[in-house]
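Q: Could you show me how to read burial, helix faces and charged pairs from a model, taking one feature at a time?

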Amino acid sequence: MLVNATEMVKKAKDGHYAVAQININNLEWTKAVLQAVEELKAPVILGVSEGAGKYMTGFTTVAAMVKAMDKALNITVPIALHLDHGSSKDACLKCVEAGFTSIMFDGSHFNIDENIATTKELVETAHKNGLSIEAEVGSIGGEEDGVIGMGEIADPEQCRLIASLGIDFLAAGIGNIHGVYPPNWKGLDFGALEKIHNATNGIPLVLHGGTGIPEDMIKKAISLGVSKINVNTECQLTFAAATRKYIEEGKDKASKGFDPRKLLAPGAEAIKETVREKVRLFGSENKA
């Protein structure tokens, strides 16, 4: 059941849990996520980066695949199809046209005035077409599709300005990073998170880089207004590890080494287990 993400994220904020955004990269990945959330009766946001969209031959192909799979698998839980880190107005508009139900404009790499101007314009377009929209202030650390952030701490006043434009949820840098967290990572800045939460009049907040953040930090972030948590790297790691193990143990010989349905099955099962773990940690099981 494809919907925009507004209501599911608002419900999460009111219920003191977080909706998982799981990024997808291919058919097997998407199927595994949908089957896992249906099993747990949990809402989910399917994130699609610009790079993943290009890999899957375009946003129109992604939207058609997700809609067809949603119907074929008889999915009953709310599913949002969301552009993750849209780097430009053009990327966001392509997703609107393709049939996505949610978009993110990441204007954190622009100056605040340009971020505000473009976000304001996209809020109007998104809402006119029934989509939810996420914006960002303070770049998230690490690298995602070639966009590198140093893990800035977002300015609460800039967050207030962006939130006032009518966006549905806000990603704000609080020391979180994409990818694997280094051993010397200082952790999330909860002082900054609390200031941002207070400055934005209780708008649902988004925590990017959800892989590897300790459970106690996740729960504290949720208590301070985080209502959506993104997971990508952990799925990539578990998918790769399961596939590698399958090949190294020689199990692919049973399929003569060339049946992709068997070769990719262990990775898909690993993703299902990762989704189960995250949904339960974020508290969104049985919240559909």
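Q: Is Lys41 buried, exposed or partly exposed, and why?
A: Relative accessibility decides this, with buried meaning under 20% and exposed over 50%. In this predicted model, Lys41 has a relative accessibility of 33%, so it counts as partly exposed. Its side chain meets that of Glu38 in a salt bridge, with N to O at 2.6 Å, and Glu38 is buried, having a relative accessible area of 14%.

Q: How many salt bridges does a search of the whole structure find, and which parts of the chain does the pair Glu134 and Lys228 link?
A: The search of the whole structure finds eleven salt bridges. In one of them, Glu134 and Lys228 bring their closest N and O atoms to 2.9 Å. This pair links distant parts of the chain, since Glu134 lies in strand E5 (residues 132–137) and Lys228 in strand E10 (residues 226–231), 94 residues apart. Both Glu134 and Lys228 are buried. Elsewhere, Glu39, Glu273 and Arg276 are linked in a network of salt bridges.

Q: How should I read the pattern of buried residues in a helix, and which residues of H4 are buried?
A: The general idea is that an α-helix has 3.6 residues a turn, so residues three or four places apart point the same way. In H4 the buried residues are Phe59, Val62, Ala63, Met65, Val66, Met69 and Asp70. Viewed down the axis of H4, these fall within an arc of 165°, so they line one face of the helix. Thr60, Lys71 and Ala72, on the other side of H4, are exposed.

Q: What do the buried residues of H4 pack against?
A: They pack against helix H2 (27–40), strand E2 (44–49), H3, E3 and H5.

Q: Which residues of H5 are buried, and where do they lie around the axis?
A: In helix H5 (residues 89–98), Ala91, Cys92, Cys95, Val96 and Ala98 are buried. These residues cover an arc of only 170° around the axis, which puts them on the same side of H5. Among the elements that they pack against are helix H4 (59–72) and helix H6 (112–128). Just after H5 comes Gly99, with a positive phi of about 105°.

Q: How many residues of strand E3 are buried, and what follows from that?
A: Six of the six residues of E3 are buried, so the strand is largely enclosed by the rest of the structure. Ile79, Leu81 and Leu83 point one way from E3, while Ala80, His82 and Asp84 point the other way, and all are buried. E3 runs parallel to E2, to which six bridges join it, and Val48 stands opposite Leu83 in E3.

Definitions and conventions. Residues numbered from 1 in each chain as written. Predicted model: local features only at pLDDT ≥ 70, side-chain atom pairs only at ≥ 80, totals over all residues. Heavy atoms only, no water. Buried < 20%, exposed > 50% of the residue type's maximum accessible area, 1.4 Å probe, protein only. Helix = DSSP H or I, 4+ residues; strand = E, 2+ residues; numbered from the N terminus. Arc of directions from axis to C-beta. Contact = heavy atoms within 4.5 Å. Pairing = 2+ DSSP bridges. Salt bridge = Lys/Arg side-chain N within 4 Å of Asp/Glu carboxyl O.
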